[in-house]
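Visitor: I would like to talk about the aromatic rings in this protein. Could you take me through them?

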Amino acid sequence: AFNGIIYTFSTQPNFKIHTLAAIVAISASFIFNISPVEKLVIIFTISLVLIAEMINTSIESVVDLLTDKFHQQAKIAKDVSAGMVLLSAFVSLLVAFIIFGKYINI
């Protein structure tokens, strides 16, 4: 399991970006002294994005294992899994604006 996390972190640039964003969000949660419930929401949201990125990496790896040629179904699998990450990242931004907005007057 740890090898999977290490692999994803070491090979996926977006996972590194999401990890950096997670560190910023967790740091901000302490700086702004947000409520325990808000911290839980931030932690859950972070885990959602990181898990989505790992699932995306898994799906892409399996598709690449099965074929090295273009197949419409392979494209759909990769596009949908990438869309999952994009959607989770977008929702995480909304959560961040809702939670941190009141502390920084957005």
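**Rings and their neighbours**

Guide: The charged end of Lys16 is placed over the ring of Phe9, 5.8 Å from the centre of that ring. Please keep in mind that this is a predicted model.

Visitor: How many aromatic pairs does the structure hold?

Guide: There are three aromatic pairs in the structure. One of them joins Phe9 and Phe15 in an edge-to-face arrangement, with 6.4 Å centre to centre and 85 degrees between the planes.

Visitor: Why is that one called edge-to-face?

Guide: The planes of Phe9 and Phe15 are 85 degrees apart, and an angle over 60 counts as edge-to-face.

Visitor: And is Phe15 buried or exposed?

Guide: Phe15 has a relative accessible area of 5%, so this residue is buried. Phe9 has a value of 38% and is therefore partly exposed.

Visitor: Moving on, what about Phe32 and Phe100?

Guide: Phe32 and Phe100 form a tilted pair, 6.1 Å centre to centre with 50 degrees between the planes. This pair links distant parts of the chain, as the two residues are 68 residues apart.

Visitor: Where are Phe32 and Phe100 in the chain?

Guide: Phe32 lies in the loop between helix 2 (13-31) and helix 3 (36-66), while Phe100 belongs to helix 4 (residues 72-104).

Visitor: Which of these is buried, and which is partly exposed?

Guide: Phe100 counts as buried, at 8% relative accessibility. Phe32 is partly exposed, with a relative accessible area of 29%.

Visitor: Which residues form an aromatic cluster?

Guide: One aromatic cluster is formed by Phe32, Phe100 and Tyr103.

Methods: Residues are numbered from 1 along each chain as its sequence is written. This is a predicted model: local features need pLDDT of at least 70, side-chain atom pairs count only at pLDDT 80 or more; totals for chains, interfaces and linings use all residues. Side-chain values use heavy atoms; hydrogens and water are left out. Rings of Phe, Tyr and Trp (its six-membered ring) pair if their centres lie within 6.5 Å; planes under 30 degrees apart count as stacked, over 60 as edge-to-face and the rest as tilted. Buried means under 20% relative accessible area, exposed over 50%, partly exposed in between (1.4 Å probe, protein chains only). Helices (H or I, at least four residues) and strands (E, at least two) are DSSP runs, numbered from the N terminus. A charge sits over a ring if NZ of Lys or CZ of Arg is within 6 Å of the ring centre and within 35 degrees of the ring normal.
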